[in-house]
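Please open the model in your viewer and keep the sequence panel beside it. The tour below goes from one selection to the next and says what is found at each stop.

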Amino acid sequence: MGGTSPKWLKFSCPCGCGAIHSLPLMSNRRPHWQVTYENNGTISVYPSVDVAAPGCGAHFWIKRSKVVWAELKPNRSIRKKKSGLR
């Protein structure tokens, strides 16, 4: 990482809706997320990602570069679940 910490984590929504999520990693931002770099080259992200956007409604954690889905809340749907990140 060359002595600098990443400021954002950007990835395609794992539900397949086509949205790009941009999570701030800077502690002076509210909210912000933390990334843990695992020994096997994967990442974990805390806290969960909860998207309440039209056409999405995904709520998940990223643990060791895999998506772990939360239970759906009433009136929310996920278009298509996928098991990992790309």
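Select S44 to begin: is S44 buried or exposed? S44 is buried, because its relative accessible area is 15%, and buried here means under 20% relative accessible area, exposed over 50%, and partly exposed in between (1.4 Å probe, protein chains only).

Before going further, note that this is a predicted model, in which local features need pLDDT of at least 70 and side-chain atom pairs count only at pLDDT 80 or more, while totals for chains, interfaces and linings use all residues. Residues are numbered from 1 along each chain as its sequence is written, and side-chain values use heavy atoms, with hydrogens and water left out.

**Around S44**

S44 has its place in strand 4; strands (E, at least two residues) and helices (H or I, at least four) are DSSP runs, numbered from the N terminus. Show the neighbours of S44 and, leaving aside those within four places in sequence, you will find contacts (heavy atoms within 4.5 Å) with Q34, V35, T36, E38, I62, K63 and R64. A polar atom of the S44 side chain lies 3.0 Å from the backbone nitrogen of R64.

**The hairpin at R64**

Move on to R64, which takes a positive phi near 55 degrees in the hairpin of strand 5 and strand 6, where two residues stand between the strands. These two strands pair in the antiparallel sense over four bridges, pairing being assigned if DSSP finds at least two bridges between two strands. K63 has K66 in strand 6 as its bridge partner.

Next select H59, whose place is in strand 5 and which is buried, with a relative accessible area of 15%. The H59 side chain makes a polar contact with the side chain of S48 at 2.9 Å; such a contact is a pair of N or O atoms within 3.5 Å, of which, within protein, one must be able to donate a hydrogen and the other to accept it, and residues adjacent in sequence count only if both atoms are side-chain atoms. Strand 4 and strand 5 run antiparallel and are joined by three bridges, and V49 stands opposite F60 in strand 5.

**The nonpolar core**

Now select L9, F11, L23, V45, V49, A58 and F60, which touch the most other members of the largest nonpolar core, a group of 17 residues. A nonpolar core is a set of buried Ala, Val, Leu, Ile, Met, Phe, Trp, Tyr and Cys residues joined through side-chain atoms within 4.5 Å. Strand 1 (8-12), strand 4 (43-50), strand 5 (59-63) and strand 6 (66-69) each supply at least two residues of this core, and the largest share, three residues, comes from strand 4. If residues up to four places away in sequence are not counted, V45 touches L9, L23, W33, Q34, V35 and I62.

**P24 and the whole chain**

P24 lies in strand 2 (residues 20-24) and is buried, with a relative accessible area of 8%.

Finally, colour the chain by pLDDT, the predictor's confidence in each residue, from 0 to 100. The chain averages a pLDDT of 83, and 79% of the residues score at least 70. Over residues 78-84, however, the pLDDT is below 50, although this stretch has 24 contacts in the model beyond near neighbours in sequence.
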